[in-house]
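Visitor: I would like to learn how to read a protein model one feature at a time. Could we go slowly, please?

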Amino acid sequence: MFRPSLLALCALFHFAGATAQTMVPKADQEGRPGDVARQAKQKAQEKFDAADTNQDGKLSREEAAAASAYLAEKFDERDKNGDGFLSWEEYVGHDRWPR
Ligand SMILES: [Ca+2]
Ligand SMILES: [Ca+2]
């Protein structure tokens, strides 16, 4: 009795995770979601470029810390591949807005 419900719960969490990722509209999407995505992407890109002081296309820990205390705190969480830099995808947290 317990096992099937636990499995269902796991499936639900998995689904919720997938939904969070796919809820971000793509920047090339038509209509309002696309407009919102393009605006948000542009804002994010401006912040990213401003933070990327040596302009190598990624944020070092120092660059992130200088740009935002929040980002400094979240750095390890965002740095998915653990290379010590935040790529554009790692910075925005998804790969739906290619640069
Ligand atoms: Ca940099
Ligand atoms: Ca990284």
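**Reading exposure, layout and core**

Guide: Glu 62 is exposed, because 11 other C-beta atoms lie within 10 Å of its own, and the cut-off for that label is 12 or fewer. Please keep in mind that this is a predicted model.

Visitor: Where does Glu 62 lie in the chain?

Guide: Glu 62 belongs to helix 3, which covers residues 61-67. Distance along the sequence and distance in space can be read side by side: Glu 62 and Ala 72 are 10 residues apart in sequence, and their C-alpha atoms are 8.2 Å apart in space.

Visitor: Is Gly 93 buried, exposed or partly exposed?

Guide: Gly 93 has 15 other C-beta atoms within 10 Å, so it is partly exposed, since that label falls between the cut-offs of 12 or fewer and 20 or more. Gly 93 is found in the segment after helix 5 (88-92), and its C-alpha is 10.0 Å from that of Glu 77, a residue 16 positions away in sequence.

Visitor: How many helices and strands does the chain have?

Guide: The chain has five helices and two strands, and their order along the sequence is α-α-β-α-α-β-α.

Visitor: Which residues make up the largest nonpolar core?

Guide: In soluble globular proteins, nonpolar side chains tend to be buried together. Here the largest nonpolar core has seven residues, namely Phe 48, Leu 59, Ala 64, Leu 86, Tyr 91, Val 92 and Trp 97. When neighbours within four places in sequence are left aside, Phe 48 is in contact with Trp 88 and Tyr 91. Across the chain of 99 residues, 9% are buried.

Terms used
Residues are numbered from 1 along each chain as its sequence is written. Chains are lettered from A and ligands numbered from 1 in the order in which they are written. This is a predicted model: local features need pLDDT of at least 70, side-chain atom pairs count only at pLDDT 80 or more; totals for chains, interfaces and linings use all residues. Helices (H or I, at least four residues) and strands (E, at least two) are DSSP runs, numbered from the N terminus. A nonpolar core is a set of buried Ala, Val, Leu, Ile, Met, Phe, Trp, Tyr and Cys residues joined through C-beta atoms within 7 Å. Two residues are in contact if their C-beta atoms, placed from the backbone, lie within 7 Å.
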